[in-house]
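Dear colleague,

I am passing a structure on to you with this message, and below it I have set out what was found. Please keep the picture open while you read.

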Amino acid sequence: MTVKLYYQDINQIMAKGNVVSSIEKDGKYHIILDQTIFFPENGGQLCDKGVINDNVVEYVYEENNEVIHVLNNNLSGHVDMSIDVVHRYLGMQGHTAQHLISAMVRKYCNGITFSHHYGEIFSTIDVDNFDESLTQEIQTQCNKLIRDNSKVNIMYPTNEELANMPIHKKFAVEGQIRIVNIEDVEYNPCAGLHCKSLGELQALYIQGYQKIKNGYRISFISGDKLIKDYGIKDNILMRSGELLSKPVYDVDAGLNNLLEMKKGLELEIYQLKDQLMNYKLQELEYEEINGFKYFNRIYTDMSVKTAANFVNKITTNGLVGVIGIQLETVNHLYVISRDSRIKANEIFKEIANNYEIRGGGNDKTAQGGSQTDLPFAKIIDEVRIRIGEI
């Protein structure tokens with residue numbers, strides 16, 4: 001069984017060891033040492049990062065009481081190891097904060113944590129019950145305990161001592177049980193790594209919550225991650241204030257003004273586009289073919305969305321025509337019929353089969369696109385011939 005040095009001293013960041021075994025799996029080496037400072041992924045807490053003999057440790061996991069280190073290169077004999085102390089400490093802060101917020105949710109909402117996840121910035125706990133109105137109170141109580149610097153104790157009780165502890169969480173572990181005790185808060189069986197006192201969390205902020213299938217998901221942040229997040233958002237806020245020519249605390253008002261301006265401009269653009277479509281309608285010319293008014297136009301400056309609006313404006317009875325949209329990455333075809341004797345979808349289907357155009361439509365309008373350049377001039381002539389044959 002691997003000697004787990006991280007339980008003896010969580011501040012130890014360098015150590016020596018000996019390779020006990022090494023197994024190659026899928027191009028990676030799974031290595032067991034006689035002792036290790038590398039904490040394995042456990043209970044949602046991420047594993048340590050670091051190096052062994054200057055080789056990056058890709059992943060660490062535990063199996064049958066052995067801690068297994070996954071590396072790209074094989075190792076043997078004596079080794080030197082060191083861990084990323086910042087990554088270790090962030091993990092300890094996040095895990096300790098999870099204990100604290102879970103305890104407060106249980107105390108105030110009778111909510112039991114059944115899952116938790118540690119993210120790059122924010123972490124989450126999933127609880128079976130939560131009272132949204134108590135969010136601020138729970139956050140306040142968490143931060144009071146942090147300010148009070150309540151101690152976090154690691155205990156290995158006897159069975160008799162264990163029986164007298166107010167442990168809420170059911171567990172099925174044989175042998176020695178490891179208990180984490182936050183003074184005046186809770187006793188909890190846990191194999192993770194924790195801060196020595198709540199003061200190391202510095203502060204805790206509940207970012208929000210959402211309803212999930214079996215309860216609620218609460219998002220929170222604490223410690224160094226909270227300070228980092230504050231710095232990022234403060235820089236964004238300061239820069240936004242400069243861009244909006246507003247004091248920081250008036251940025252929301254500046255953004256609201258900007259949104260109102262955007263709405264006004266969007267309305268103006270819509271009205272101008274509508275006028276432009278009307279001008280383009282007036283420019284449409286048609287030729288008499290077999291009693292039909294046949295028109296055609298190829299546009300190289302009109303989007304497919306705009307073209308759809310334009311086609312809807314073509315309402316003159318008796319018109320039959322083709323509109324092509326030809327842009328750098330767009331080839332789109334419309335077949336329009338405002339004459340009951342001709343069905344647009346039937347003509348479109350014939351063309352589509354010949355030129356690998358995907359689409360469809362109805363008697364009045366059919367449309368589709370192609371990933372290849374369409375020979376619009378040829379298509380226009382074919383539709384002209386087709387109309388002449390009716």
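Which backbone oxygen does the side chain of T96 reach? The side chain of T96 reaches the backbone oxygen of M92, at 2.7 Å, and this is a polar contact (a pair of N or O atoms within 3.5 Å, where, within protein, one must be able to donate a hydrogen and the other to accept it, and residues adjacent in sequence count only if both atoms are side-chain atoms).

Before going on, please note that this is a predicted model, in which local features need pLDDT of at least 70 and side-chain atom pairs count only at pLDDT 80 or more, while totals for chains, interfaces and linings use all residues. Residues are numbered from 1 along each chain as its sequence is written, and side-chain values use heavy atoms, with hydrogens and water left out.

To begin with the whole chain, its secondary structure comes to nine helices and 21 strands, where helices (H or I, at least four residues) and strands (E, at least two) are DSSP runs numbered from the N terminus. The C-alpha atoms fill a box of roughly 100 × 55 × 40 Å along the principal axes. Of the 390 residues in the chain, 41% are buried, a word that stands for under 20% relative accessible area, with exposed meaning over 50% and partly exposed in between (1.4 Å probe, protein chains only).

T96, with which I started, is found in helix α2, which covers residues 85–109, and T96 counts as buried because its relative accessibility is 1%. Not counting residues up to four places away in sequence, T96 touches V152, H194, C195, L198 and L201, contact being defined as heavy atoms within 4.5 Å.

H87 also lies in helix α2. Although H87 and G50 are 37 residues apart in sequence, their C-alpha atoms are 9.2 Å apart in space. Leaving aside neighbours within four places in sequence, H87 is in contact with L46, C47, D48 and K49.
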